[in-house]
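Trainee: Please show me how to read the features of a structure, one at a time.

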Amino acid sequence: MTKSAQWISAAASFAAGQLDEAERLCREGLEVQPGHPMGFGLLAAIANVHQDFPRALYLAEQAIGAADGVALFYVEKAAALFALEQYAKAAAAARQAVDIDPEVPRGYFLLSHAKMPGESYRDIIRRFHAWLAPRSYVEIGVAQGKTLALAQPPCVAVGIDPRPNLHSPLDTTTKIVSLESDVYFAKRDLRTDLETDCVDLAFIDGLHEFRQVLRDFINVEHFAAKHTVVLVHDCIPLDALTASPERRSKFWTGDAWKLIAALGKWRPDLDIQSVATPPSGLGVICRLDPDNRVLGEHYGAIVAEFLGLAPPLTPHDQHEQLSVVDNDWTKIAARVARGTGRKAPCDEKKVWSKIKSAITGLAG
Ligand SMILES: C[S@@+](CC[C@H](N)C(=O)[O-])C[C@H]1O[C@@H](n2cnc3c(N)ncnc32)[C@H](O)[C@@H]1O
């Protein structure tokens with residue numbers, strides 16, 4: 001086998017999941033070409049699969065030392081650091097990976113999870129359903145139905161998407177309307193579809209362009225009440241490439257984040273949290289007012305003011321402009337409880353510590 005054929009075979013074995021064979025070929029290759037970056041890089045990937053993260057980190061660093069500028073090596077380094085819970089270092093390695101190649105597999109996934117560790121936006125939405133038990137739920141942008149399926153009986157759920165592609169089993173009464181959201185709100189009555197007067201919980205996750213997200217918010221707020229909570233996906237930009245209005249990369253969050261910045265300025269009466277949850281933040285908005293017409297009346301001025309804005313990327317700017325808060329359910333829910341007049345959900349940590357001391361008491 002030629003020297004390069006050896007590495008191609010090792011990479012093919014790894015891709016086919018034949019890890020022992022890939023490792024054997026790497027070791028054999030490193031005997032012939034000591035210090036070859038492919039050998040270290042593939043062995044790092046194998047160590048990550050085997051969850052031997054300190055070893056994966058060491059090997060990834062050897063690979064980078066032997067050949068800087070290979071995005072995949074930085075991905076392996078980031079994956080090992082992430083598993084070792086060294087999130088800042090993992091984010092730095094993932095950042096190097098996507099700067100070299102924005103399309104490198106797992107690059108943006110690792111970057112977003114390392115920058116915003118903890119429960120994902122879907123976990124947070126599941127928690128909202130469990131806590132609020134909404135009787136009515138509307139979701140703009142359904143895709144495969146993974147978040148729509150979080151609605152539980154007796155909730156009536158309405159999903160709006162011009163191209164729904166449902167794969168998730170639905171537990172409650174759910175109406176899917178195959179329309180763009182603007183067309184939906186122009187032609188149909190959400191109250192009729194929800195079989196009630198107001199929407200209890202909403203999730204805006206359709207077209208990720210600022211103007212559209214702003215219109216979606218305005219339309220949804222018309223059906224809000226004092227207790228309503230509106231969630232908005234993709235509120236925390238990761239970088240200029242993935243947070244731009246035009247899609248130029250596979251991982252793309254668009255400029256939905258501008259909605260949060262605009263609401264902060266034009267609607268100081270709202271309570272807004274941008275939860276730092278992976279992959280790209282979740283806006284949690286309450287204190288809604290269906291009679292407030294400020295956004296609709298100044299739509300043109302708001303678009304003109306915010307459309308050209310560059311994404312805030314430092315923690316300070318994100319906190320100031322996007323009201324970013326930690327990914328901490330107890331704190332998020334306590335604030336929503338204050339904003340909606342609800343009782344906060346029980347604090348799981350406190351419940352567990354009470355159970356623990358009760359058990360310890362019994363044992364003693
Ligand atoms: C990111 S996906 C939604 C994912 C889903 N909410 C989840 O978390 O599993 C975005 C969806 O928005 C839909 N979409 C695009 N333009 C839309 C529009 N104008 N109105 C409503 N939905 C739209 C797309 O068809 C796509 O299915």
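Trainee: Which residues does L201 touch, not counting residues up to four places away in sequence?

Mentor: Two residues are in contact if their C-beta atoms, placed from the backbone, lie within 7 Å. Leaving aside residues up to four places away in sequence, L201 touches F128, L132, P134, Y137 and V229. Please note that this is a predicted model, in which local features need pLDDT of at least 70 and side-chain atom pairs count only at pLDDT 80 or more, while totals for chains, interfaces and linings use all residues. Residues are numbered from 1 along each chain as its sequence is written.

Trainee: Where is L201 found, and does it count as buried or exposed?

Mentor: Helices (H or I, at least four residues) and strands (E, at least two) are DSSP runs, numbered from the N terminus. L201 belongs to strand β4, residues 201-204. For burial, one counts the other C-beta atoms, placed from the backbone, within 10 Å of a residue's own: 20 or more is buried, 12 or fewer is exposed, and in between is partly exposed. L201 has 25 C-beta neighbours inside 10 Å and therefore counts as buried. A separation in sequence can also be set against one in space: L201 and T228 are 27 residues apart in sequence, yet 5.7 Å apart from C-alpha to C-alpha.

Trainee: What share of contacts in the protein chain, between residues at least 6 apart in sequence, join residues at least 24 apart?

Mentor: The share is 57% of the contacts between residues at least 6 apart. The protein chain has 17 helices and 8 strands, and its C-alpha trace spans about 75 × 65 × 40 Å along its principal axes. Of its 364 residues, 44% are buried.

Trainee: At roughly what angle do the axes of α4 and α5 cross?

Mentor: Axes are lines fitted to C-alpha atoms, for helices over the stretch in contact, and angles run from 0 to 180 degrees between N-to-C directions. Helix α4 (residues 53-66) and helix α5 (residues 71-83) have axes that come within 8 Å and cross at roughly 155°. Under 35 degrees counts as roughly parallel, over 145 as roughly antiparallel, 65 to 115 as roughly perpendicular and the rest as oblique. The pair α4 and α5 is therefore roughly antiparallel. Handedness is left if the near helix is turned anticlockwise from the far one by less than a right angle, and right if clockwise; α4 passes α5 in a left-handed crossing. On the α4 side the contact is made by F53, A56, L57, A60, E61, A63 and I64, and on the α5 side by F73, Y74, E76, K77, A80, L81 and A83. With Ala, Val, Leu, Ile, Met, Phe, Trp, Tyr, Cys and Pro as nonpolar, Asp, Glu, Lys and Arg as charged, and the others, Gly among them, as polar, this contact has 11 nonpolar, no polar and 3 charged residues.

Trainee: At roughly what angle do the axes of α11 and α12 cross?

Mentor: Helix α11 (residues 210-221) and helix α12 (residues 257-266) come within 8 Å, axis to axis, and cross at roughly 55°. That angle makes α11 oblique to α12, and their crossing is right-handed. F210, V213, L214 and F217 of α11 meet K258, L259 and A262 of α12. By class, these residues divide into 6 nonpolar, no polar and 1 charged.

Trainee: Why is α12 largely enclosed by the rest of the structure?

Mentor: Helix α12 is largely enclosed because 7 of its 10 residues are buried. The buried residues are W257, K258, L259, I260, A261, A262 and L263. Their cover includes α11, β5 (229-233), β6 (271-275), β7 (282-286), α14 (299-306) and α15 (315-322).

Trainee: Which backbone features deserve a check?

Mentor: Most residues other than glycine have a negative phi, and most peptide bonds are trans. Here the peptide bond from P153 to P154 is cis, with omega near 5°, and P154 is in the loop between β1 (136-140) and β2 (156-160). The bond from P278 to P279 is likewise cis, with omega near 5°; P279 is in the loop between β6 and β7. R106, not a glycine, has a positive phi of about 70° and is found in the loop between α6 (87-100) and α7 (107-115).

Trainee: Which residues come nearest to the ligand?

Mentor: A residue is near a molecule if its C-beta atom, placed from the backbone, lies within 6 Å of it. Of the 16 residues around the ligand, G141, A143, S181, G206 and L207 come nearest. The shell has 6 nonpolar, 5 polar and 5 charged residues.
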